[in-house]
Amino acid sequence: MPISTTLIKSIQDVMRQDAGVDGDAQRLSQLSWLLFLKIFDDQETELELMQDRYRSPIPEHLRWRNWAADAEGVTGDDLQSFLADDLFPGLKSLAADPVRNPRGFVVQSVFEDAYNYMKSGQLLRQVINRVNEIDFNNQTERHLFNDLYEKILKDLQSAGNAGEFYTPRAVTQFMVDQLNPQLGEKVLDPACGTGGFLACTLEHLRAQIKTVEDRQTWQAAVQGVEKKQLPHLLCVTNMLLHGIEVPSQIRHDNTLARPLRDYRPGERVDVILTNPPFGGTEEPGIEANFPADIRTKETADLFLVLIMHLLKDGGRAAVVLPDGTLFGEGVKTRIKERLLTECNLHTIVRLPNGVFAPYTGIKTNLLFFTKGQPTEQVWYYEHPYPAGYKSYSKTKPIRIEEFAVEKAWWGNAEDNFASRVETEFAWRVSIDDIRARNFNLDIKNPHHPEEESHDPQELLAQYQQLQAQSQSIRDELKAILAAALEGKA
Amino acid sequence: MSAALIEQFDLLATSTGGIAKLRELILSLAVRGQLVPQDPSDEPASELLKKIRAEKDRLIAEGKIKRDKPLAEIGDDENPYELPAGWEWVRLGEVIEVIRGITFPASEKTKEPASGRIACLRTANVQERIEWDDLLFVDRSFMGREEQVIAQQDIVMSMANSRELVGKVAIIENIPVPEATFGGFLSVLRPILVLPKFAMVMLRTGDARSSLIDSSSQTTNIANISLAKLRPLLFPLPPLAEQSRIVAKVEELMALCDRLEAEQGHAARVQGHWVEAALDQLAESADADEFRRHWQHLAEHWNHLFTTPASIERLNATLLQLAVRGKLVPQDRESESAGDLITRITSGAKTAVDQPNIPFSVPENWQWTRLGCLVSAERGISYGIIKLGDEPSEGGIPTLRCSDVKPRHIDLRGVRTVSGDIEKDYARTRLLGGEVLLNIRGTLGGVAVVPPQLRGYNVAREVAVIPLHPDMLPEYVMNVMASAFFWQQISDNLRGLAYQGINLKSLREFCVPIPPREEQSRIVAQVEKLLALTAELKARLSAAQTKQAHLAETLIAEVV
């Protein structure tokens with residue numbers, strides 16, 4: 001069967017019949033570890049061909065090829081007990097350390113929290129057989145699956161609880177293109193989710209590979225940290241799909257849980273690309289890892305501080321942040337002051353509403369900055385909707401082609417973007433003006449009347465404000481007339 | 001469904017065009033399977049699809065329909081949204097037979113039926129429902145195939161129309177003529193084992209409408225939908241049983257929308273009448289006691305009366321009425337009476353209006369007089385240039401026409417000039433500043449005071465120049481002329497049929513209530529202040545309406 005959404009749909013349909021799997025999240029979780037094992041196994045087939053001395057970190061009887069690949073193989077209760085007694089315990093307890101047996105470490109960390117939800121061995125066998133129809137060593141199939149995988153991630157990552165939203169492909173691509181990471185640089189996403197930025201970076205760097213050494217450098221180019229189990233598993237699988245042999249650089253951890261001062265200079269990176277969770281708050285205690293004057297519970301702010309800290313001198317970052325961070329006061333003001341002092345925040349691309357539709361209508365911005373010099377001026381670019389769009393939606397998402405104008409306008413970091421010009425959509429603001437505004441970076445396009453908001457809460461507030469204004473005028477009118485007319489009466 | 005939409009439902013439903021948006025939402029939800037719950041025991045659409053294919057094969061075998069070109073398979077990336085379990089994406093052409101209308105020479109149609117002639121539906125007959133009056137009849141021989149005879153439950157679609165209307169559909173629910181067919185700009189869509197009313201629901205969704213419009217080929221002013229574009233249209237196919245549940249639910253909800261719409265319309269009309277009545281009775285109160293009661297009614301319901309831009313317009317009119325009745329500012333018995341003022345202006349000539357002719361009673365030291373008496377002795381009321389001639393390419397005298405004189409202000413954006421040769425004969429209407437201008441022909445209703453910077457301008461014949469005596473306050477007279485009773489005098493004296501106007505003789509005779517000079521200033525100031533407030537209020541109310549409509553749109557966009 002060719003790879004298509006129909007295949008995934010048919011797998012899901014089988015899972016639906018199972019009494020144990022409840023809801024999309026569990027289905028995705030179940031599908032994820034199955035896909036992981038299958039992809040891992042297919043990759044091993046390739047590695048065995050290329051490397052004479054390759055040895056699988058997985059015990060022979062637990063390898064996919066030996067229990068899953070045969071369509072007529074173990075099924076029913078036998079399959080269930082194999083999973084419960086052999087596979088899961090075996091993979092969870094792999095004696096693997098990240099240095100000597102990194103591939104084993106990956107498997108072990110992926111299975112740490114994985115769980116078999118399916119209750120029926122027969123149905124599970126059907127699912128496994130479906131998964132077996134995909135050959136991940138076939139380049140075209142792999143390619144197709146990559147797209148498909150991205151879609152699965154998008155579909156199932158419906159509105160996260162801790163403010164995590166799938167970053168549209170066009171946005172990750174644009175951010176990667178503009179930062180233009182080079183082979184040999186270390187690229188980090190401290191809140192990597194399912195690995196959108198990292199995968200995009202890998203594809204960007206792939207073009208720069210010339211030699212075998214380059215290839216090895218490439219294998220170690222990206223690092224990611226993800227707090228939640230499922231996105232972490234998905235991210236690791238994603239890395240495997242993009243050709244990373246040992247995705248042990250994707251850690252299952254909370255980046256914020258580590259005190260800032262614990263980071264050694266050697267851990268700093270050249271490039272950070274991320275869409276940190278916003279709106280979410282961290283568990284108590286996390287903020288204590290940050291300097292006292294910038295302690296806050298808002299995750300987006302904490303990440304911003306962390307990013308400044310983790311960048312090397314001269315390191316570059318592109319970060320997705322909500323409007324709230326731009327105009328926020330208090331701790332946010334101090335964080336922004338620090339950002340503008342320690343880094344050159346050269347560009348803010350203001351995205352319109354709906355880029356993250358349907359997960360959130362919140363307005364977002366892409367901040368591009370380089371560590372090491374203070375900011376002198378900030379260039380703003382207001383990304384317009386394509387002609388005829390009133391908002392983006394699931395069926396009309398933002399597309400990479402839309403960024404062509406920004407790219408043409410962008411210029412060169414070396415000459416501090418000397419070629420940039422003010423346009424209908426681009427304007428610049430000096431650091432003095434920003435200081436005078438008390439670091440409120442929420443600066444509207446002076447060339448354009450403000451676009452109507454598409455956030456119902458915001459609109460409702462504006463509506464109520466207009467009503468309140470009307471009421472006060474109405475009161476005033478009534479008072480004047482009452483004074484005039486009641487005197488007459 | 002979005003919680004925001006439910007929370008703000010009242011705002012949505014009462015917004016401008018809110019019900020239309022609600023209807024669209026209902027249709028959108030219907031074709032997404034979100035309006036009625038799915039029933040797992042329904043036979044899935046995939047089975048229905050098999051039956052449809054079998055039925056099509058049968059019809060083809062019987063020669064009832066032709067075999068169409070196969071449609072492209074639906075790609076994975078084509079599905080605009082996720083369907084519920086048991087539904088299928090199909091292409092319209094797979095489940096609906098499309099039949100094109102007949103063509104005939106224009107000379108062949110008649111308005112009357114006759115033997116051998118068949119009724120023929122045209123674009124104009126396809127409205128919300130099929131409208132069966134104004135039918136055309138053509139000879140039956142123009143019909144190529146029997147399938148071009150209209151049947152019950154056929155869906156008629158407009159295939160060539162303006163961009164907004166192309167793709168419009170209506171369903172045949174009764175056929176009041178023996179037999180009917182349809183013209184070449186229409187098509188009939190005949191669903192095969194699919195509920196026609198469900199197909200109607202689908203074809204009326206915003207999605208389907210915009211797909212059809214976008215796929216149409218556009219000539220100068222006609223958009224055409226070709227069969228090649230119509231048949232591949234994506235069609236969400238629910239199980240048959242669910243189709244009828246959806247249709248029933250949509251009909252139920254649409255009926256509710258109808259009622260809501262009717263009631264809102266009714267409520268708006270009642271509100272409008274209420275505002276009108278409350279304001280009128282205040283202005284026309286016979287005595288102080290009545291006035292107090294009427295004002296109290298108004299004051300009590302103030303916040304409910306003045307909630308729309310239209311109600312503010314109405315209030316403005318009343319403010320002027322009150323102003324010229326001496327109700328807006330207190331009288332000062334010490335000041336020179338209006339009678340003395342007018343006597344001074346007119347050098348003692350008798351100018352008062354006789355008691356039976358006065359439009360309403362005014363305070364004690366006021367005086368009714370005629371407009372002609374207030375005019376400066378040297379100039380008199382006159383109208384301007386009769387034939388403006390061609391606009392000179394340069395130079396010339398700026399000349400105000402009736403389109404430049406608006407209620408209470410002069411709009412200088414469209415002013416044209418007249419050559420000095422023509423203008424020199426109209427020195428008497430050359431403006432000095434401070435005159436009142438009134439449109440007496442053409443677009444009536446404009447009345448304004450000439451600001452000093454327009455000195456040297458002239459006016460056209462539709463505009464009367466009223467140069468007041470220096471002791472009169474032109475702004476006050478303008479307020480009088482803008483108020484309802486004065487307008488009544490104008491409408492009572494209109495002359496002419498197609499091009500109505502008033503002549504200067506009757507204008508000079510119009511009654512004007514005059515307060516003492518000092519009180520005129522206070523009235524003008526009070527009116528300015530109140531009108532500035534109402535203008536502000538009106539702007540906010542309009543903005544709130546716009547905002548509300550936008551909010552409604554956004555709430556709906558969040559759901560689908």
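This is a predicted model: local features need pLDDT of at least 70, side-chain atom pairs count only at pLDDT 80 or more; totals for chains, interfaces and linings use all residues.
Let's begin where chain A meets chain B. On the A side, 35 residues are in contact, and on the B side, 44. Together the two chains bury about 3600 Å², and carbon and sulfur atoms give 68% of that. What about polar links? There are six residue pairs in polar contact between chain A and chain B, while the salt bridge count between them is zero. Now, which parts of chain A touch chain B? Helix 1 (5-16) and helix 17 (456-488) of chain A each bring at least two residues. The largest share is from helix 17 of chain A, with 24 residues.

Next up, the rings. Over all chains we get 29 aromatic pairs. Take Phe104(B) and Phe142(B): their ring centres are 6.2 Å apart and the planes sit at 50°, so we call that pair tilted. Phe104(B) is in the loop between strands 2 and 3 of chain B, and Phe142(B) is in the loop between strands 4 and 5, so the pair ties together parts 38 residues apart in sequence.

Over in chain A, have a look at the aromatic cluster, which includes Phe174(A), Trp379(A), Tyr381(A) and Trp410(A).

The charged end of Arg32(B) sits over Tyr81(B), 4.0 Å from the ring centre. And Lys327(B) lies over the face of Phe291(B), 4.4 Å from the ring centre.

Conventions: Residues are numbered from 1 along each chain as its sequence is written. Chains are lettered from A and ligands numbered from 1 in the order in which they are written. Side-chain values use heavy atoms; hydrogens and water are left out. Rings of Phe, Tyr and Trp (its six-membered ring) pair if their centres lie within 6.5 Å; planes under 30 degrees apart count as stacked, over 60 as edge-to-face and the rest as tilted. Helices (H or I, at least four residues) and strands (E, at least two) are DSSP runs, numbered from the N terminus. A charge sits over a ring if NZ of Lys or CZ of Arg is within 6 Å of the ring centre and within 35 degrees of the ring normal. Contact means heavy atoms within 4.5 Å. Buried area is the accessible area (1.4 Å probe) that two parts lose on being put together, summed over both. A salt bridge is a side-chain nitrogen of Lys or Arg within 4 Å of a carboxyl oxygen of Asp or Glu. A polar contact is a pair of N or O atoms within 3.5 Å; within protein, one must be able to donate a hydrogen and the other to accept it, and residues adjacent in sequence count only if both atoms are side-chain atoms.
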